[in-house]
Amino acid sequence: MRRPQRPGNGRNDVPSPAPAPAAPLGDTHEGAPQEDLTPAPGNLPPELTSFVGRSAELAELAAALAARRLVTVTGVGGVGKSRFAVRAAVGAECADGVWLVELAAVRDPDLVDHAVADALRLTDHTSRAPRRVLLDHVADRELLLVLDGFEHLVDTCASLVRDLLRHSRGLKVLAVGRRPLDLEGERLFPLAPLPAHDAIALFADRATAGLPGFAVDDGHRADVVELCDRLDGIPLALELAAGRLRALSPGQLVARLDDRFGLLSGTRRDALPRHQTLRTAIGWSHELCTPRERLLWARLSVFSGPFDLEAAEYVCGGDGVHADDVLDVLSELLAQSVVGREEGPGGARFRMLDTVRAYGAEWLEALGDTERMRRRHRDWYMGLATWCELDWFSPRQAEVAALIEGELPNLRAALEFCLTGPDEARIGQYLAGTLWFYWVGCGRLAEGRHWLGRALELEGGHDDARLKALWVLGYVAVLQGDTVAALSALQECKDEAERTDSPLASAYAVHRIGCLALVTDDMPRAERLLRDAMEQYQEIGELNSNVLMGQVELAMALAFQGSLEAAVELCEEVRRVCEDHGERWALAYALYVLGYAAWTRGEAETARELLARCLRLDHAFNDLLGTVLAMELLALFTAAEGDPEEAAVLQGAASRIWPSVGLPLFGSGFFGGPHALCETQAREALGDTRYEECVRAGARLGTDAAVARALGQVPENERTRRPAHHEGREGDGLKQGELRPGQRA
């Protein structure tokens, strides 16, 4: 297997919404109020091609959305439901934005809630059910949720939509699928094919894009009219037909439709007419492909979501299409609009429409090659995960995070194959465990626990794979605050590692049991176990981000027991190793300890610089635990600098993040010490009333805004200001260094 190509983007930031279009020239008059061009919240994608027709339907849908809280756009696949719904949603006015959830690539009903949370950019590290997280998020918000492609998950989606609508008066849902949700109050909006004039306009527009200079003139107008009529005005069929004009004239296209229609309309006599028409359009395009193009089309259907060229070459190459020829054949499928192209962090990526993919999957099944291709697909993504695990301990950490994020639909498909296919459980356990860095380091604890739990329910017959899944499951549960599940998984891993003589698994189990002792305030035991784990790692030559995190955790245990100098020495060593290897995730936690130590020594400026860098790194990885820990400490620093109001605002911002992480400050007196000291002194300085006002103001900040605030990126005149008269005594803030090492709340 060749090593997968990695993206060149060094960040794992979520893309910002597309900017709002500027007003046309001449629409702005001197003295008139200026339009606010600040992008509204949401995630609607930009339109890459022109939208043709449907003005009356758009107005009708807008009226339906104004009158009802649940509207479902239904219609045959390929009729343009998704594009139509997004176009309508652009005009919706919602204070908290319009959010698109694409469900076509989701196969497991248990992942529907995760997919919605992903689209809403929610991150939750707790053991709460994703449904609970969603209900809490939408409870007091005004937003429009567009659920696209739900028909294969209708029962789960109906349950979710019902619950969401009951818990939020400000929520509206625009569902898009091939059938209704069948819920009370649902307004159905059947979307018909394009009328003749719009169908011709769409065909001409797409034809011109691929064949500059094309026009519907008297020479072939009759052929175009007939073509659009026989394709029933279905946009997908029209776009596929337009893609063939590079090789065929409209008259030749019409001539080739005759046999194709007859063949496909007779293959499934129980299908609805519109299903036959769509199938005719896709089947006709399939017939025009060469044998190698048809074969590649079928094989590409195993991908779920976007894929790159190297993946296509490995998975689909061989036995009819040599790997070296995949690029040429794929280029032809691109030219025929069978495959679409999009830009990703690492360059060009490809995607098939769901309907086109499903058609290819039927042909792959008819060839009897589905299982073999799904296994090759699984092998590629298992290799990708393995390389990414290794590269996590390198300067490419941020790129790895972005790569795995983009490949998540395919990784889910690979995991699903492992966990449902015979004799594949051991590979599923290995794959779920190998992705530990993504589950833990990139805010995916809940989904990681889902896959790890499913994998461990199966008997894989391979000790190493199961042991890895066990310690990763234990690690995830520790961070979620589920101590019972964590101890159960880690103790089983430790016992089995001793039985099978697996020193690596034993070291990881001991390490994570020590981490559990750390967050439950058993510092002597944490120190003993973490030292033991560090010795085991050294004996077997293990060095990676996990090992460095173990050293940072040992430093925390020492610091909480008063051995601050020893803690600093350990973290400085971690810092040197991280700088040498380009590691950034574990470095952030080392900076956290070093910043606390600097503040305790009275080095306020150094402490803030260290914590600011820590916070920037954590936020870039979407590591909410590291983010909120840094924010709590920065609140203490801010109070010590004489600004108790801003300190209270930061504490309020942290209070909003903690429910998505787990038990605030792990319920630990040691981790909670800085928070308690900051709160006590801020209340004394401000009085209870003003302190609570500032906390509430901070709790209204989103994570991005809270991080910017903690980093001092908000102008002073925009901060919460203290009124002239307030309850409580005056105070100059905290004195740095008042919280001593080992002091508990």
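Student: What makes Ser660 count as buried?
Tutor: Its relative accessibility is 17%. Buried means under 20% relative accessible area, exposed means over 50%, and partly exposed lies in between, with a 1.4 Å probe and protein chains only. Ser660 is at 17%, so it counts as buried.

Student: What kind of model is this, and how are residues numbered?
Tutor: This is a predicted model, in which local features need pLDDT of at least 70, side-chain atom pairs count only at pLDDT 80 or more, and totals for chains, interfaces and linings use all residues. Residues are numbered from 1 along each chain as its sequence is written, and side-chain values use heavy atoms, with hydrogens and water left out.

Student: Where is Ser660 found, and which residues is it in contact with?
Tutor: Ser660 sits in the loop between α30 and α31. Helices (H or I, at least four residues) and strands (E, at least two) are DSSP runs, numbered from the N terminus. Contact means heavy atoms within 4.5 Å. Setting aside neighbours within four places in sequence, Ser660 contacts Thr123, Asp124, His125, Thr126, Arg128 and Leu624.

Student: Why is α30 called oblique to α31?
Tutor: The axes of α30 (residues 644-657) and α31 (residues 673-686) cross at roughly 135° and come within 9 Å. Angles under 35 degrees count as roughly parallel, over 145 as roughly antiparallel, 65 to 115 as roughly perpendicular, and the rest as oblique. That makes α30 oblique to α31.

Student: Which residues make that contact?
Tutor: α30 supplies Pro644, Glu645, Ala647, Ala648 and Gln651, while α31 supplies His675, Cys678, Glu679, Ala682, Ala685 and Leu686.

Student: What does the largest nonpolar core hold?
Tutor: A nonpolar core is a set of buried Ala, Val, Leu, Ile, Met, Phe, Trp, Tyr and Cys residues joined through side-chain atoms within 4.5 Å. The largest has 206 residues, and Leu145, Leu181 and Leu300 have the most contacts inside it. Helix α27 (residues 585-600) gives the most to this core, with 14 residues. A second, separate core has 49 residues, including Phe51 and Leu65.

Student: Which residues of α4 are buried, and what do they pack against?
Tutor: In α4 (residues 130-138), the buried ones are Arg131, Val133, Leu134, Leu135, His137 and Val138. The buried residues of α4 pack against α3 (112-119) and α5 (154-167).

Student: How many helices and strands are in the chain?
Tutor: The chain has 33 helices and seven strands. Of its 745 residues, 56% count as buried.

How values were computed
Axes are lines fitted to C-alpha atoms, for helices over the stretch in contact, and angles run from 0 to 180 degrees between N-to-C directions.
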